[in-house]
Every structure is written in structure tokens, then in C-alpha cells.
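Biologist: I'd like to learn how to read aromatic rings in a protein model. Could you walk me through one?

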Amino acid sequence: LPTQKKISHLTCHTIIFTSETWDVNADGWTFYSPTEKWYKHFIATASTNEAAAACASEGGRLAMVTDSEISQFICDLAEPNGVDDFGPIIDGTVVGSAWTLSTGDEMSYTAWNSGEPNTADDNCIHIWSTTTCVWNDIHCSDNYRSSYMCEI
């Protein structure tokens, strides 16, 4: 059974995935201590704009991946939900020729799949495969729908 403890103002349960221990609160948010943020994978599909709005309504934003450890954590978090190809949507858009985070900072870490990014019209990011944890560029339209990852 998971142990229960208090982190900040949120009651959590400790669960173990592989060799890592993560704290999960009653609402399904998982605490990742290196970033001191909470993350949640939403399985319901949404467009990039809908996903960003849904994250904002939770008090957060689409998850920002700034290094390989966060990237792997997000993939590990999504994979038990049965997600592999085409999901989740994460933070990042292209401005000119530079990929940037919603903070306006240029992305210093990327994990593009071979041959990606490959289309000038594709201006958002989703994780192509949670197994290999590589990214694909997608068009930020309401036609593309996928699961998404939020952080608070």
C-alpha cells in the first residue's frame, strides 16, 4: 500500500514506478522533486490550444521539458496510461526558426525523433513515443488532438 505524507499543502501517496519513488496527490498530480513541480497526464484528447487552456484552468501550463531527466520523467509518467505514439502534447512552439518555451526562452534541450522537426507549418511539439521518448513537430491546429501533460 502507498504511504501517505504531507508535502507543502497537498496530501500525497507515495507510489513506485521502476526504481523511482514519486509522490502522487489525491487529484492524480505527481510531484517531481528536481523541478519542485507537480505533473499530470491528461488522457482525454485535446488540441494544443485546448490543452494549454485546460492546464491554465488547473493553475498550470503545458509541461516544459528543459533537460533529458524531465523528458524521461514525463515519458515514464505517460507510459503506464497506455500512451505510446502520438502523445502527450508538451510546451514548445516555433518562433521564426527557433523553438521556444512559453516563457519566451529558446529551448536549450530537445529530443527530436530522427528527421524532426521536418515541416515549416508544424509549430508545436508532442512526444512521438513514450517508449523511446522522442519528439515530433505538429501543427497547432484544432484538427490535431492528443493527450497532454500539465505542470503546476
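Biologist: Let's start with two tyrosines: are Y32 and Y39 buried or exposed?

Modeller: Both Y32 and Y39 are buried. Keep in mind that this is a predicted model. Its mean pLDDT is 80, with 81% of the residues at 70 or more. Over residues 1-19, though, the pLDDT is below 50.

Biologist: Okay, so how do I describe a pair of rings, and how many aromatic pairs are there?

Modeller: In general, you give the distance of the centres and the angle of the planes. Here the count comes to nine aromatic pairs. Take Y32 and Y39: their centres are 6.3 Å apart, the planes sit at 75°, and the pair is edge-to-face.

Biologist: Why is the pair of Y39 and F73 edge-to-face too?

Modeller: Planes over 60 degrees apart count as edge-to-face. The planes of Y39 and F73 are at 70°, with the ring centres 5.2 Å apart, so this pair gets that label. Y39 is in strand β5 (residues 37-46) and F73 is in helix α2 (residues 68-78), so the pair links parts 34 residues apart in sequence. F73 is buried, and so is Y39.

Biologist: Which residues form an aromatic cluster?

Modeller: W99, Y109, W112 and W135 form one.

Biologist: And what does N136 touch, leaving out residues up to four places away in sequence?

Modeller: Its contacts include W112, from that cluster, as well as W128 and H126. N136 lies in strand β10 (residues 134-138). Its relative accessible area is 8%, so N136 is buried.

Terms used
Residues numbered from 1 in each chain as written. Predicted model: local features only at pLDDT ≥ 70, side-chain atom pairs only at ≥ 80, totals over all residues. Heavy atoms only, no water. pLDDT = per-residue confidence, 0-100. Contact = heavy atoms within 4.5 Å. Phe/Tyr/Trp six-rings, centres within 6.5 Å; stacked < 30°, edge-to-face > 60°. Buried < 20%, exposed > 50% of the residue type's maximum accessible area, 1.4 Å probe, protein only. Helix = DSSP H or I, 4+ residues; strand = E, 2+ residues; numbered from the N terminus.
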